[in-house]
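My notes follow in the order I took them.

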Amino acid sequence: MKAVNDLDLQRETAKSDLLLSAMRTNDSKAAQQNNLFFIDSGLIADPGDKLKKAVTKYFPVLPAPSGAVPSFLDPSDYAQAFWQVSLDASQMSMIDNEANKITAGRQTFKTVAKATHAPWYVVGVVWMLETGGDFSTHLHNGDPLTAQTVHVPAGRPLQGQPPFTWEASAIDAIKLYKLDNADTLDLGDMLDRLEGYNGYGYRRHQVSSPFLWAFTSGYAGGSYVADGVFASDVKWARPGAVALLRRLQDRRAINLKGTN
């Protein structure tokens with residue numbers, strides 16, 4: 001009996017190893033194809049097609065090893081690094097939660113996108129990063145819409161009277177930070193513009209901006225803890241733009257393959 005149990009355990013372990021190796025890629029489509037190959041070929045038993053249905057529905061993916069990604073990414077390498085970095089597997093639940101909120105707000109973001117010629121998902125990512133996913137605050141910095149902004153940039157929007165609509169304020173923010181007309185940019189330039197929304201100060205410290213790269217292997221740590229105050233031993237505790245965009249890509253909510 002023990003020999004039989006040991007054999008069953010070995011088979012289950014081998015099955016798990018195959019599934020994990022199939023998912024260990026930064027490309028959700030490749031992970032799905034790998035898993036389907038193992039299932040359809042019979043290498044992984046799948047009674048009732050439960051695994052096959054789950055793989056097709058959820059696009060499971062694990063971050064691939066990527067030791068070649070440096071802790072400080074040069075802007076000229078942004079497009080390539082976007083696909084090379086691995087996402088922090090321990091933070092995937094938070095990344096997915098925020099990606100879900102962005103997807104849910106798509107129609108609102110499209111209103112701003114139409115007026116500014118910025119991709120809707122860029123508007124959505126900025127919304128998540130600057131406001132934490134709050135439509136009652138300015139896209140500029142998360143200040144309440146009941147008045148003009150108080151924090152940097154103060155006094156926005158310049159036109160209109162409070163309380164402001166979220167869309168009107170968001171249009172002002174996208175234009176102010178030069179993310180308008182970004183729908184024709186290549187991936188690297190788009191990421192560079194996104195970084196500029198939060199500021200380029202991290203480059204002076206040879207640290208990849210967490211606004212872009214937090215929760216990816218492209219960010220090792222370092223953060224501004226106040227205006228002009230940088231702390232090398234502090235890490236961002238939320239996903240950056242790249243992690244969010246990559247998960248939207250994984251889920252096929254967007255397609256960035258043609259922008260790099």
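This is a predicted model: local features need pLDDT of at least 70, side-chain atom pairs count only at pLDDT 80 or more; totals for chains, interfaces and linings use all residues.

**Entry 1. α6 against α8**

I took helix α6 (residues 106-116) and helix α8 (residues 166-176) as my opening pair. Their axes come within 10 Å and cross at roughly 45°. α6 and α8 are therefore oblique to each other. I looked up the hand of the crossing, and α6 passes α8 in a right-handed one. From α6, the contact uses T108, F109, T111, V112, A115 and T116. From α8, W166, E167, A170, I171, I174 and K175 take part. I sorted these residues of the α6 and α8 contact by class and found 7 nonpolar, 3 polar and 2 charged.

**Entry 2. What α8 hides**

Which residues of α8 are buried? I found W166, S169, A170, D172, A173 and I174. I then checked what lies over them. The cover includes α6, α7 (120-131) and α9 (187-198).

I followed the chain past the end of α8 to K178. K178 is not a glycine, yet its phi is positive, about 60°. I placed K178 in the loop between α8 and α9. With a relative accessible area of 56%, K178 is exposed.

**Entry 3. The whole chain**

I stepped back to count elements. The chain has 11 helices and 2 strands. Read along the sequence, the pattern is α-α-α-α-α-α-α-α-α-α-β-β-α. Of the 260 residues, 45% are buried. I also looked at contacts with a separation of 6 or more, and 58% of them join residues 24 or more positions apart.

In soluble globular proteins, nonpolar side chains tend to be buried together. I looked for that here. The largest nonpolar core has 52 residues, and L139 and L245 touch the most other members. I listed the helices that supply at least two residues each: α4 (78-84), α5 (92-104), α6, α7, α8, α9, α10 (210-213) and α11 (241-250). Which helix gives the most to this core? α7 does, with 9 residues.

A second, separate core has 5 residues, including M92, I95, F215 and A243. I checked F215 on its own. F215 sits in the loop between α10 and β1 (223-226). At 9% relative accessibility, F215 counts as buried. Its phi is positive, about 70°, although F215 is not a glycine.

**Entry 4. Two pairs with α11**

I turned to α5 and α11. Their axes come within 9 Å and cross at roughly 70°. α5 and α11 are therefore roughly perpendicular to each other. M92, I95, D96, E98, A99, I102 and T103 in α5 meet A243, L244, R247 and L248 in α11. By class, this contact of α5 with α11 has 7 nonpolar, 1 polar and 3 charged residues.

Next I took α9 and α11. Their axes come within 11 Å and cross at roughly 135°. α9 and α11 are therefore oblique to each other. M190, L191 and L194 of α9 make the contact with A241, V242 and L245 of α11. I sorted the residues of the α9 and α11 contact as well: 6 are nonpolar, none polar and none charged.

**Entry 5. The loop between α7 and α8**

I ended on backbone geometry. Where are the cis peptide bonds in my notes? One runs from R156 to P157, with omega near -10°. P157 lies in the loop between α7 and α8. Another cis bond joins P162 and P163, with omega about -5°. P163 is found in the loop between α7 and α8.

G160 lies in the loop between α7 and α8 too.

Technical notes:
Residues are numbered from 1 along each chain as its sequence is written. Side-chain values use heavy atoms; hydrogens and water are left out. Axes are lines fitted to C-alpha atoms, for helices over the stretch in contact, and angles run from 0 to 180 degrees between N-to-C directions. Helices (H or I, at least four residues) and strands (E, at least two) are DSSP runs, numbered from the N terminus. Angles under 35 degrees count as roughly parallel, over 145 as roughly antiparallel, 65 to 115 as roughly perpendicular and the rest as oblique. A crossing is left-handed if the near helix is turned anticlockwise from the far one by less than a right angle, and right-handed if clockwise. Contact means heavy atoms within 4.5 Å. Ala, Val, Leu, Ile, Met, Phe, Trp, Tyr, Cys and Pro count as nonpolar, Asp, Glu, Lys and Arg as charged, and the others, Gly among them, as polar. Buried means under 20% relative accessible area, exposed over 50%, partly exposed in between (1.4 Å probe, protein chains only). A nonpolar core is a set of buried Ala, Val, Leu, Ile, Met, Phe, Trp, Tyr and Cys residues joined through side-chain atoms within 4.5 Å.
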